Amino acid sequence: MKIPAVCLCALTLFTATLFADDEPVVLEVGDAAPAFTVQDDAGNDWNSAEHFTEGTTVVYFYPADCTGGCTRQAQAYRDDLAKLEELDVAVVGVSGDTAENHQHFKGLHELNFPLLADVDGVVAQAFGVPYAEGESTVNVEINGQQIALVRDITTQRWTFIIRDGVVIYKNPSVNAAEDCATIQTFLSENE
């Protein structure tokens, strides 16, 4: 039985589309920044198109709220945010924690930039950042009360810089304590 060429083309296109999502994203310097919308720490929608099209944004992925390395990394960005803003740079942190977890983390450490709740790994997938699924809990004391911060996605620690909608920096081997300083050096050398 002969199958018409139009049917074969349609079947090939359908099969390619069906399995295209199985391919991991490999986002590289020079690529367009991915488009996504997730909740921020206040529970509001955070749409990348509103933040990535103009200016410069540091997007840093971290494993978990209220853990040692992640706290040091966030505090460094907090402490140097004024220096980054002088360079017209915005900062956003991304983890698999919920918006509620992020609220606790921000309040506890007086963080002054948005944290995105990537609870389904959508943002990590869009950037090609590896993550592990499975429930994980961090217990933290806030105002004398023990609170369990539960998440289902744990991302690896990677950092990107987006300028005018394009990836200009990618680091898949981030040192948590030195990340902010490394970013500042890169930005001062690449203005």
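1. Q39 stands opposite A117, a residue of strand β5. This pairing belongs to a predicted model.

2. One of the residues involved is V38, whose bridge partner in β2 is W46.

3. What do β1 and β2 form? They form a hairpin, with 4 residues between the two strands. In the turn, G43 has a positive phi of about 85 degrees.

4. These strands belong to an open sheet of 7 strands, in the order β2-β1-β5-β4-β3-β8-β9. The pairing in this sheet is mixed. The edge strands are β2 and β9 (166–171), each of which pairs on one side only. From one strand to the next, the twist averages 35 degrees.

5. C180 counts as buried, because its relative accessibility is 1% and the cut-off is under 20%.

6. How many disulfides does the structure hold? The number is 0. For C70, the closest cysteine sulfur is in C66, at 9.5 Å; a disulfide needs the two sulfur atoms within 2.5 Å, so the pair is too far apart for a bond. C70 is also buried, with a relative accessible area of 1%.

How values were computed: Residues are numbered from 1 along each chain as its sequence is written. This is a predicted model: local features need pLDDT of at least 70, side-chain atom pairs count only at pLDDT 80 or more; totals for chains, interfaces and linings use all residues. Side-chain values use heavy atoms; hydrogens and water are left out. Two strands pair if DSSP finds at least two bridges between them. Buried means under 20% relative accessible area, exposed over 50%, partly exposed in between (1.4 Å probe, protein chains only). Axes are lines fitted to C-alpha atoms, for helices over the stretch in contact, and angles run from 0 to 180 degrees between N-to-C directions.
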